[in-house]
Amino acid sequence: MSLFPSRWPPQHPDRIQLYSLNTPNGQKVSICLEEMGLEYDAHLINIMKDDQFDADYLKISPNGKIPGLIDPQGPDGKPIVLMESIVILLYLADKTGKLLPQDQRGRLEHLQWLTFQAAHIGPMFGQFGHFYVYAKDKTSDSYAVERYTKETQRLLQVLEDRLNGREYLMGEYSIVDIATMPWVEGLGGFYQAREQLELNRYPRVQEWLEKIMAREAYQVGRNVCAP
């Protein structure tokens, strides 16, 4: 049985294969790949067309979410198949020795902020966007928008406080910034919620945002697997 899904054949079978869409979770991995200078093939998984439920894709990501990744040259030179963006970022950092400390203390400090992104930033920002944009005309009251607006603002303040005296979330640019940044950019960008969230209340976050958006790897990676 082939390692690769037949619907999305590799152009270069010896390279990393990325299966994704340029949503914040997908952008994390493509930006990371660009930052690390790793060669990869990119395959669009269009969730608007239910590609994520294709039987071949479910072998890569059993939960039917993007992104997924196959590295033919995984640990010990053997192929590895991965889902979940945070795990993929950790894998790529360990593979290259880049953007994540190798000492235990530094690694744990980074892991707690990666978990903060995965457990709070992503889910809460996503719920805000759902009710503010997609379900705007499907609810009978403003409770959900108000709830997730307040929670998103609270989390933005956590980031604002964290950036006090720091150029990046961990001091030096890392996979923590890569994981967090697309979700923050989407608030004023895709969701068009600058006024709703009063984003001008978070100047350090804005400065951090602009600094990362100027990076070439970010500019390229954010558009990988665009539909």
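Biologist: Thr149, buried or exposed?
Modeller: Thr149 is buried, at a relative accessible area of 7%. Buried means under 20% relative accessible area, exposed means over 50%, and partly exposed lies in between (1.4 Å probe, protein chains only).

Biologist: What sort of model is this?
Modeller: A predicted model: local features need pLDDT of at least 70, side-chain atom pairs count only at pLDDT 80 or more, and totals for chains, interfaces and linings use all residues. Residues are numbered from 1 along each chain as its sequence is written, and side-chain values use heavy atoms, with hydrogens and water left out.

Biologist: Back to Thr149. Where does Thr149 lie?
Modeller: In helix 5. Helices (H or I, at least four residues) and strands (E, at least two) are DSSP runs, numbered from the N terminus.

Biologist: And what does Thr149 touch?
Modeller: Leaving out residues up to four places away in sequence, Thr149 touches Phe128, Gln196 and Leu197. Contact means heavy atoms within 4.5 Å.

Biologist: New topic. How many strands form the sheet?
Modeller: Four, in an open sheet with the order 2-1-3-4 and mixed pairing. The edges are strand 2 (40-44) and strand 4 (80-83), and each pairs on one side only. From one strand to the next, the twist averages 15°.

Biologist: What counts as a pair of strands?
Modeller: Two strands pair if DSSP finds at least two bridges between them. In general, strands of a sheet pair through backbone hydrogen bonds, either parallel or antiparallel.

Biologist: Which strands does helix 1 touch?
Modeller: Helix 1 (residues 24-36) packs on the sheet against strand 1, strand 2 and strand 3, and its direction makes about 150° with that of strand 1. Helix 3 (residues 85-96) packs on the sheet too, touching strand 1, strand 3 and strand 4, with its direction at about 135° to that of strand 4. Axes are lines fitted to C-alpha atoms, for helices over the stretch in contact, and angles run from 0 to 180 degrees between N-to-C directions.

Biologist: Which way do the residues of strand 3 point?
Modeller: Gly68 and Ile70 point one way, Leu69 and Asp71 the other, and all are buried. Leu69 stands opposite Leu18. Gly68 stands opposite Met83 in strand 4. Four bridges pair strand 3 with strand 4, in the antiparallel sense.

Biologist: Let's do Cys32. Where is Cys32 found?
Modeller: In helix 1. Cys32 is buried, with a relative accessible area of 0%.

Biologist: What is Cys32 in contact with?
Modeller: Setting aside neighbours within four places in sequence, Cys32 is in contact with Leu89, Leu92, Ile175 and Ile178. Cys32 and Leu89 are 57 residues apart along the chain, and their C-alpha atoms are separated by 7.0 Å.

Biologist: At what angle do helix 3 and helix 6 pack?
Modeller: About 150°, with their axes 10 Å apart. That makes helix 3 roughly antiparallel to helix 6. Angles under 35 degrees count as roughly parallel, over 145 as roughly antiparallel, 65 to 115 as roughly perpendicular and the rest as oblique.

Biologist: Which residues meet there, between helix 3 and helix 6?
Modeller: Ile86, Leu89, Leu90 and Ala93 in helix 3 meet Ile175, Ile178 and Ala179 in helix 6.

Biologist: How about helix 3 and helix 4: where do their axes come?
Modeller: Within 11 Å, crossing at roughly 155°; helix 4 covers residues 104-134. So helix 3 is roughly antiparallel to helix 4. Ile86, Leu90 and Asp94 of helix 3 meet partners in helix 4, including Arg107 and Leu111.

Biologist: Last one. Which residues in helix 8 are buried?
Modeller: In helix 8 (residues 203-213), Val205, Trp208, Leu209 and Ile212. They cover an arc of only 105° around the axis, which puts them on the same side of helix 8. The arc is that of the directions from the helix axis to the C-beta atoms.

Biologist: What do the buried residues of helix 8 pack against?
Modeller: Helix 5 (143-162), helix 6 (175-188) and helix 9 (216-221).
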